Amino acid sequence: MIRAALVSHAIDVNGLIAEVADIATGATAVFAGTVRDVNDGRAVSGIEYSAYTTMAERELLHIAQEAARQFSPLNVVVEHRIGSLELGDVSVGIATSHAHRGPAIDGMRFVIEEIKRRVPIWKRECYADGTREWVNTVGV
Amino acid sequence: MTVTVLLFAAFADAFGRSSIEVTVDQGATVGDIVDQLSALAPSDRLPPRPLAAVNAEYAEYDVRLNPGDEVALIPPVAGG
């Protein structure tokens with residue numbers, strides 16, 4: 001089971017877990033990235049996510065496939081949300097399953113680290129004082 | 001030939017638009033496109049060597065472009 005998607009609706013983490021459920025696996029690892037209320041000391045009220053959609057979907061799938069190869073046999077499902085998210089909303093959800101916990105956890109970690117490194121998704125933080133700023137543009 | 005370059009996030013803000021048409025010679029490379037856009041961008045709004053993509057795949061600066069290719073400049077990513 002390998003699936004990757006960019007979505008504009010709420011991510012159902014339990015649904016992702018159900019997708020990788022498999023009686024051949026003894027371990028399921030889950031990651032949910034959520035919108036936090038503070039960043040670099042500034043009060044955050046929400047985040048707007050945008051993407052180069054076609055490329056982001058392709059990169060997400062490449063990453064899931066790479067994880068499945070590297071930690072084979074691994075089930076991988078990943079969804080990243082775009083649009084305006086509120087505090088506590090899930091921005092990225094990942095579920096992996098494997099016969100054993102090591103590859104399940106390492107595969108899940110691989111997927112989130114690669115997403116952060118190379119998927120063309122951007123976020124603009126909205127602050128409590130009404131201002132907005134792109135994240136990760138300093139030092140480019 | 002004319003190439004359409006997609007701009008996103010902070011780069012779209014820098015140019016005030018989400019895409020821009022660039023005219024280059026046949027056989028031009030990704031690097032040629034970046035050079036042209038760097039000259040157009042307000043100073044300090046574009047890094048010296050931004051990542052680029054051709055047809056939705058990351059591309060090195062020496063990749064030669066063909067008519068109809070979709071080029072994109074990729075700001076530092078911030079997914080997750």
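**View 1. Strands β1(B) and β5(B) pair in the parallel sense.** In this predicted model, three bridges link β1(B) and β5(B); strands are DSSP runs of E with at least two residues, helices are runs of H or I with at least four, and both are numbered from the N terminus. Two strands count as paired if DSSP finds at least two bridges between them. Look for B:Thr4, whose bridge partner in β5(B) is B:Glu70.

**View 2. β1(B) also pairs with β2(B).** Here the strands, residues 2–6 and 19–23 of chain B, run antiparallel and are joined by five bridges. Find B:Thr4 again: B:Glu21 of β2(B) stands opposite.

**View 3. Chain B touches chain A.** Chain A puts 23 residues into the contact and chain B puts in 15, where contact means C-beta atoms, placed from the backbone, within 7 Å. On the chain B side, α1 (9–15) and β5 (70–74) each supply at least two residues. That side has 13 nonpolar residues, two polar ones and no charged ones.

**View 4. Helix α2(A) has a buried side to explore.** Its buried residues include A:Met55, A:Leu60 and A:Ile63; buried means 20 or more other C-beta atoms within 10 Å of the residue's own, again placed from the backbone. The buried residues of α2(A) pack against several elements, among them β1 (2–7) and α3 (101–118) of chain A and β3 (51–54) of chain B.

**Reading the labels.** Residues count from 1 along each chain as its sequence is written, and chains are lettered from A in the order written. Local features need pLDDT of at least 70, side-chain atom pairs count only at pLDDT 80 or more, and totals for chains, interfaces and linings use all residues.

Conventions. Buried ≥ 20, exposed ≤ 12 C-beta atoms within 10 Å, placed from the backbone. Contact = placed C-beta atoms within 7 Å. Nonpolar A, V, L, I, M, F, W, Y, C, P; charged D, E, K, R; others polar.
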